[in-house]
Amino acid sequence: MDIKKYGPWALVVGGSEGVGAAFAQLLAEDGFKLVLIARKQEPLDQLAAELRANGAEVRTASVDLSRHDALAKTRAQTYDIDIGLLIYNAGANSIRGRFTDLPKDVTQAVIAVNVIGQADFARHYGALMVKRGRGGIILTGSLGGYLGSPTLAAYTASKSFSRIFTEALWAECAPLGVDVLHLNIGFTATPAMARLGMPVNMAESPEKVAREGLENIVNGPVWIVSTPGNIERARLISRVDDRAATVRAHAIAPREDTAQAAALMQKFAAR
Ligand SMILES: NC(=O)c1ccc[n+]([C@@H]2O[C@H](COP(=O)([O-])OP(=O)(O)OC[C@H]3O[C@@H](n4cnc5c(N)ncnc54)[C@H](OP(=O)(O)O)[C@@H]3O)[C@@H](O)[C@H]2O)c1
């Protein structure tokens with residue numbers, strides 16, 4: 001990663017574990033200084049200690065992105081440094097259910113993290129990058145953002161926002177020297193997925209996802225991680241000729257069916 005273009009500091013939002021931690025590790029190896037944001041302080045401290053032991057400069061802050069003060073709390077950690085790379089990684093969905101049944105707090109939190117948060121952080125740090133005429137922004141998406149899935153209405157819609165938002169931001173920022181990428185992720189073996197009881201032995205590694213994101217920051221606006229089956233699935237669920245059939249046939253499977261779905265996708269991709 002070119003530190004002259006994207007450094008000296010990188011801000012990883014959702015940077016304590018999984019894909020976010022993998023981003024932090026790769027960037028530290030390339031000499032970046034890091035600001036890591038997540039809710040739980042202990043995993044942040046643990047990762048920061050590892051990175052510092054290898055010579056990296058690291059700041060951390062416990063911030064809940066679903067709260068209105070998230071950007072202000074993060075800015076307090078970054079007002080005196082140049083953030084050349086923003087990676088907005090947090091955003092997985094932990095609670096499923098019919099939209100009309102779920103408590104409003106649950107669905108509003110998804111929208112706050114994935115829509116309001118992505119927009120607010122991209123506006124603030126993007127404006128500073130545009131002023132400097134250089135920098136990069138990676139917003140994490142999901143294959144779920146191509147199709148509205150029952151029991152995941154707010155999540156799938158929020159990832160769709162992220163992709164469309166990034167496409168526009170990419171076109172606006174490219175002539176101003178700032179690269180913008182929507183990193184579209186398929187099933188990945190993160191601690192968040194493991195805690196949900198997902199079969200992460202079938203899933204992509206966070207290191208590969210983060211590496212592909214960094215290596216393809218100039219290949220925006222959308223990069224679909226090259227896990228076998230991901231691009232084929234994106235094509236299938238993007239069909240426009242019969243959305244009713246597509247939505248019914250390709251909704252994200254219940255968790256207990258995920259292993260079967262992942263195996264089928266791999267088989268399909270191998271043909
Ligand atoms: N894993 C997959 O299979 C998969 C598939 C498609 C897309 N994605 C996307 O990839 C990204 C990473 O997913 P993930 O599986 O690693 O889980 P995740 O929970 O989105 O990300 C984990 C990181 O984000 C932090 N985080 C989560 N919610 C937060 C909040 N409200 N405020 C501040 N920090 C928060 C976590 O630390 P704390 O818990 O301490 O806050 C941790 O550092 C997400 O955007 C997700 O939608 C993942």
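Which residue of E2 is the bridge partner of Ala10?

Reply: The bridge partner of Ala10 in E2 is Leu34. Before going further, two notes on the model. This is a predicted model, in which local features need pLDDT of at least 70 and side-chain atom pairs count only at pLDDT 80 or more, while totals for chains, interfaces and linings use all residues. Residues are numbered from 1 along each chain as its sequence is written.

Now the strand itself. E2 covers residues 33–38. Strands (E, at least two residues) and helices (H or I, at least four) are DSSP runs, numbered from the N terminus. E2 belongs to an open sheet of seven strands with parallel pairing. The order is E3-E2-E1-E4-E5-E6-E7. Two strands pair if DSSP finds at least two bridges between them. Strands of a sheet pair through backbone hydrogen bonds, either parallel or antiparallel.

E2 has a partner on each side. Strand E1 (residues 9–13) pairs with E2 in the parallel sense over five bridges. Five bridges also join E2 to E3, and these two run parallel. In E3, Ala61 stands opposite Ile37. E3 (58–62) is an edge strand, and so is E7 (222–224): each pairs on one side only. Neighbouring strands of the sheet are turned by 15° against each other on average, direction ignored.

A helix packs here too. H3 (residues 41–53) packs on the sheet and touches E2 and E3. Contact means that two C-beta atoms, placed from the backbone, lie within 7 Å. The direction of H3 makes about 180° with that of E3. Such axes are lines fitted to C-alpha atoms, for helices over the stretch in contact, and angles run from 0 to 180 degrees between N-to-C directions.

Next, the side chains. In a regular strand the side chains alternate between the two faces of the sheet. Lys33, Val35 and Ile37 point one way from E2. Leu34, Leu36 and Ala38 point the other way. E2 is mostly covered, with six of its six residues buried. A residue is buried if 20 or more other C-beta atoms lie within 10 Å of its own, exposed if 12 or fewer, and partly exposed in between.

The largest nonpolar core has 60 residues. Such a core is a set of buried Ala, Val, Leu, Ile, Met, Phe, Trp, Tyr and Cys residues joined through C-beta atoms within 7 Å. Leu34 and Leu36 are among the residues with the most contacts inside this core, as are Leu11, Val12 and Ala24. The largest share of the core, seven residues, comes from helix H2 (residues 18–29). Val12 links several of these pieces: its contacts include Ala24, Leu34, Leu36 and Ile37, not counting residues up to four places away in sequence.

Ala21 sits in H2. Ala21 is buried because 27 other C-beta atoms lie within 10 Å. Ala21 touches Gly15, Ser16 and Leu47, again not counting residues up to four places away in sequence. H2 also gives the most to the shell around the ligand, with three residues. That shell holds 28 residues, and the closest include Gly14, Gly18 and Arg39.

Conventions
A residue is near a molecule or strand if its C-beta atom, placed from the backbone, lies within 6 Å of it.
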